[in-house]
Each structure stands twice: as structure tokens, then as C-alpha cells.
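Here is a short report on one protein chain. Have the sequence and the model at hand while you read.

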Amino acid sequence: MRTIQRINQINDEINCLYHAASTKMGLADSEMMILYLLHDHEKLSQSDIIQRTGMTKQTVNSAIRRMEKDGWIHLGKRTQHRRIISLTLLGKQVLQQILGPFIQAEEKIFDDWSQEEINLFLKLNCRYRDQLRHIVDHLSSERR
């Protein structure tokens, strides 16, 4: 098996595990991704979410509307074509109760890794990301 095939297989398996986790927690994948981002950043715009996740505008908009309806997020006033999204008190509770244990379990994975292994993992992932970004930036935008 070629290297890229093995990497793609591992990435596919990891994506499936995150999907299974979101399903078991009663969340849509898009909701889980947005909660993760709000856990790390507290406040974001819809365009920030799209840029960081690669989700479509429609998917993000639908998830935001559901989460707002459920009282999990607050949409700030629109300024310069942006609305800032933040968690409500209920949203923070949902994050802590539903997603919190999963995030803690993820963090514990790295407890078994040495600092050297963690640094190497981060270094190689950043290097791959940066090289892939360079490739994507130079792709032709023509559809074949």
C-alpha cells in the first residue's frame, strides 16, 4: 500500500470515529465541530467557522440556527457583514456535560506519549499542512 493510501485510510478511520462519537452524544457532526471551535475560541463569526472547518456556508448556517433555537448559542449584532457567535450559559453547560468528557478523554491519549513524541507529531502535522497548503494555493481553478 502506498504511503498516501495508508494516510488516507487512517484519516478516514479517524473521521468515522468522530462521526460515531457525535452520533453517540446526540450531536450532528456540524454541531460537534462548532462546539469544539467555541470551546477553543469562545467567540467566532460564521465565516471563521467555515474557514476553520471547510464546512459549507449552508451547513454552518443550518447548524447555527438549530443551536440558536435550542438556546446553546447567541448571535451578536451584525457588524461589517459579520455576526459574532458565542455560547450561552446553556451552551456552556451542554459543552461541559456532553462534549467535555470526550475532550478530556482525547487529552488523556497524549498522557501516554512522551513530550518528544508530541512535539514530533505536531511538527510533522504542521509540515504536512503547510506543504499541502502550498499545493492547494497553486492549483488551477479550472474545472475539467
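## Helix 2

Helix 2 buries S30, E31, M32, I34, L35, Y36, L37 and L38. The model is predicted. This helix covers residues 29-41, 13 residues in total. From its first C-alpha to its last, helix 2 reaches 18 Å. That is close to the 18 Å expected at 1.5 Å a residue.

## The chain as a whole

The chain holds six helices and three strands. Read from the N terminus, the elements run α-α-β-α-α-β-β-α-α. The C-alpha trace spans about 45 × 45 × 25 Å along its principal axes.

How much of the chain is buried? Of the 144 residues, 26% are buried. The accessible surface of the chain is about 11200 Å². Carbon and sulfur atoms hold 53% of that surface.

Strand 2 spans residues 73-79, and strand 3 spans residues 82-87. The two strands pair in the antiparallel sense. Five bridges link them. One of the residues to look for is R78, whose bridge partner in strand 3 is R83.

Strand 2 and strand 3 form a hairpin with two residues between the strands. Which residue in this hairpin takes a positive phi? It is Q80, with a phi near 50°.

Two or more residues come from each of helix 1 (3-24) and helix 6 (115-137). Helix 6 gives the largest share, four residues.

Is V136 buried, partly exposed or exposed? V136 is partly exposed, because its relative accessible area is 47%, and partly exposed means between the 20% limit for buried and the 50% limit for exposed. Patch residues need over 30% relative accessible area, and V136 has 47%.

Notes: Residues are numbered from 1 along each chain as its sequence is written. This is a predicted model: local features need pLDDT of at least 70, side-chain atom pairs count only at pLDDT 80 or more; totals for chains, interfaces and linings use all residues. Side-chain values use heavy atoms; hydrogens and water are left out. Two strands pair if DSSP finds at least two bridges between them. Buried means under 20% relative accessible area, exposed over 50%, partly exposed in between (1.4 Å probe, protein chains only). The expected span of a helix is 1.5 Å times one less than its number of residues. Accessible areas come from the Shrake-Rupley method with a 1.4 Å probe; for residues, only the protein chains shown count as cover.
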